[in-house]
Amino acid sequence: YCSDSLERCSNEKRSKSEIISGSLGDRRAAYTFAGACLVSGFLTLSLAFFPETIARAVLMLLPATAGFCFIIYEPRTKDIPIMDDEGFSEKLPTFPFATRKEKIIAICLIAFPLFCRGPVISTQIGWIGLQNEELAIPMQTAIACGIIVAAIIISLIVQRVWNNSFILVYELFVQPLMFIAFQTAQMFSDLWSIYMLIIDSTYKITLFYIFMVPFLFPNRPQSGKSATPLLWSFAVLIGGRALFVALGNIEPNAVYAGITVVVVLVTFVGACIVSFAFLQQQANRQRTADTFITREQLKSELGNCCSVLENQYKLTPRETEIVTLLAQNYRAPYIAEKLVLSLSTVKTHMRNIYAKLNVHSQAELLILLDTISEQSQK
């Protein structure tokens with residue numbers, strides 16, 4: 001905790017002109033994903049109004065175009081500010097991983113919402129029965145709007161919660177939308193537009209969080225193990241969907257419906273519990289950091305006051321050391337052990353110090369230091 005506090009303090013003190021070089025950066029990667037969603041949404045929306053032959057041709061060209069761009073792409077390194085003009089850090093804070101409890105909380109924060117999407121696969125077949133020429137364009141429009149909404153939400157997340165609460169937006173705000181999705185799925189013929197808007201937007205946001213997972217763990221993308229959290233996240237998402245497809249084919253409809261309800265409720269309650277634990281963990285770390293900073297400030301103030309006494313009353317270096325320890329309310333036996341001196345020597349220095357400062361006890365010395373501190377603040 002202390003090392004984390006020190007790092008946090010040093011990061012806060014860095015000037016905005018400091019730079020890091022050579023990588024896309026956590027925040028820029030997030031904006032790239034949001035931009036890709038925005039382009040995808042508008043492309044999907046525009047293709048809804050073109051003849052089917054043209055739409056199919058464009059869709060066939062997209063993979064080839066993407067592959068060609070990937071081959072010819074040459075990364076360019078440039079200086080990236082650690083802090084932007086609004087005071088946001090370029091890098092996304094990682095999960096604390098010091099204890100087993102912290103590891104369990106981090107893994108559950110990722111796994112619960114991803115597994116919760118598994119039962120959604122059973123509701124997505126509802127739109128197949130409504131497919132016809134009349135609803136083709138409205139359905140594609142609803143899908144495109146969902147993708148565009150996801151791009152907007154992702155941009156807002158990056159702008160507003162690029163901090164330790166980043167993951168909680170998904171846990172406490174996006175995941176509960178699954179309940180609305182299940183409700184609209186029961187009345188799909190009437191509420192299909194709302195359902196598709198929720199499903200497509202939340203799915204793109206889910207993929208966004210999966211792609212950000214490597215940045216949330218201590219092994220940063222520069223290390224060899226950066227892909228492990230990403231692969232495990234995809235495994236949980238795809239494994240959950242495959243499991244519920246199998247259950248839907250094996251179990252009767254009533255049993256399957258009960259299982260899906262239980263799974264959604266359990267994962268949501270579990271996500272709320274680990275979110276609360278994560279918030280409590282953050283609060284504890286903040287209190288530790290605040291305590292550490294307060295102690296450092298007190299030591300700095302005491303050092304300044306003792307320097308004033310040294311210059312004003314012509315104290316020797318040894319006497320200044322003893323005054324500094326007395327100012328921290330330490331007693332003669334501890335000071336003797338700390339400075340590797342005999343107890344009698346320390347007491348002799350203390351008498352000389354009290355005589356020079358015209359005080360008669362450690363309490364009066366502390367009062368004198370308080371007076372100097374108040375005068376310096378004025």
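Author: A definition is needed at the outset: rings of Phe, Tyr and Trp, the last by its six-membered ring, count as a pair if their centres lie within 6.5 Å. Please note also that this is a predicted model.

Reader: On that definition, how many aromatic pairs are in the whole structure?

Author: A search of the whole structure gives 13 aromatic pairs. One of them is formed by F33 and F211, with 5.5 Å from centre to centre and 45° between the planes, a tilted arrangement.

Reader: Where in the chain do F33 and F211 lie?

Author: F33 belongs to helix α2 (residues 26-47) and F211 to helix α8 (residues 188-216). The two are 178 residues apart, and their pair links distant parts of the chain.

Reader: Is F33 buried or exposed? And what about F211?

Author: F33 has a relative accessible area of 16%. The cut-off for buried is under 20%, so F33 is buried. F211, at 37%, is partly exposed.

Reader: What can you say of F95 and F217?

Author: F95 and F217 form an edge-to-face pair, 5.4 Å centre to centre and with 70° between the planes. F95 is in the loop between β2 (79-81) and α4, while F217 is in the loop between α8 and α9, so their pair ties together parts 122 residues apart in sequence. Both F95 and F217 are buried.

Reader: Which residues do ring pairs link into a cluster?

Author: The cluster consists of F33, W162, F166, Y170, F208, Y209, F211 and F234.

Reader: Let us turn to the helices. At what angle do the axes of α2 and α8 cross?

Author: The axes of α2 and α8 cross at roughly 160° and come within 11 Å of each other. That angle makes α2 roughly antiparallel to α8. Their crossing is right-handed.

Reader: Which residues make that contact between α2 and α8?

Author: From α2 there are D26, A29, A30, F33 and C37, and from α8 there are K204, L207, F208, F211, M212 and F215. By class, the contact of α2 with α8 has nine nonpolar residues, two charged and no polar.

Reader: How do α8 and α9 pack?

Author: The angle between α8 and α9 is about 150°, and their axes are 7 Å apart. This makes α8 roughly antiparallel to α9. On the α8 side, Y203, T206, L207, I210, F211, V213 and P214 take part, and they meet P229, L230, S233, F234 and L237 in α9. The contact of α8 with α9 is made up of ten nonpolar and two polar residues, with no charged ones.

Reader: And what of α4 against α9?

Author: Helix α4 (residues 100-116) and helix α9 (residues 227-250) pack at about 30°, with an axis separation of 8 Å. Angles under 35 degrees count as roughly parallel, and α4 and α9 are therefore roughly parallel to each other. The crossing of α4 and α9 is right-handed.

Reader: Which side chains meet there, and of what class are they?

Author: In α4 the residues are I110, A111, L114 and F115; in α9 they are S233, V236, L237, G240, L243 and F244. Eight residues of the contact of α4 with α9 are nonpolar, two are polar and none is charged.

Reader: A change of topic: where is R117? Is it buried or exposed?

Author: R117 lies in the loop between α4 and α5 (133-160). With a relative accessibility of 0%, R117 counts as buried.

Reader: What does R117 contact, beyond its neighbours within four places in sequence?

Author: R117 is in contact with Y170, M178, I199, T202, Y203, T206 and L237, those neighbours being set aside.

Reader: Finally, which residues of α11 are buried?

Author: They are E319, T320, I322, V323, L325, L326 and A327. Helix α11 covers residues 317-327. T320 has a relative accessible area of 12% and, apart from its neighbours within four places in sequence, contacts C306, E310 and L315. Just after α11, N329 takes a positive phi of about 70°.

Reader: And the chain as a whole: how many helices and strands are there?

Author: The chain has 14 helices and two strands. Of its 378 residues, 36% count as buried.

Notes. Residues numbered from 1 in each chain as written. Predicted model: local features only at pLDDT ≥ 70, side-chain atom pairs only at ≥ 80, totals over all residues. Heavy atoms only, no water. Axes fitted to C-alpha atoms, helices over the stretch in contact; angles between N-to-C directions. Helix = DSSP H or I, 4+ residues; strand = E, 2+ residues; numbered from the N terminus. Parallel < 35°, antiparallel > 145°, perpendicular 65-115°, else oblique. Left-handed = near helix turned anticlockwise from the far one by under 90°. Contact = heavy atoms within 4.5 Å. Nonpolar A, V, L, I, M, F, W, Y, C, P; charged D, E, K, R; others polar. Buried < 20%, exposed > 50% of the residue type's maximum accessible area, 1.4 Å probe, protein only. Phe/Tyr/Trp six-rings, centres within 6.5 Å; stacked < 30°, edge-to-face > 60°.
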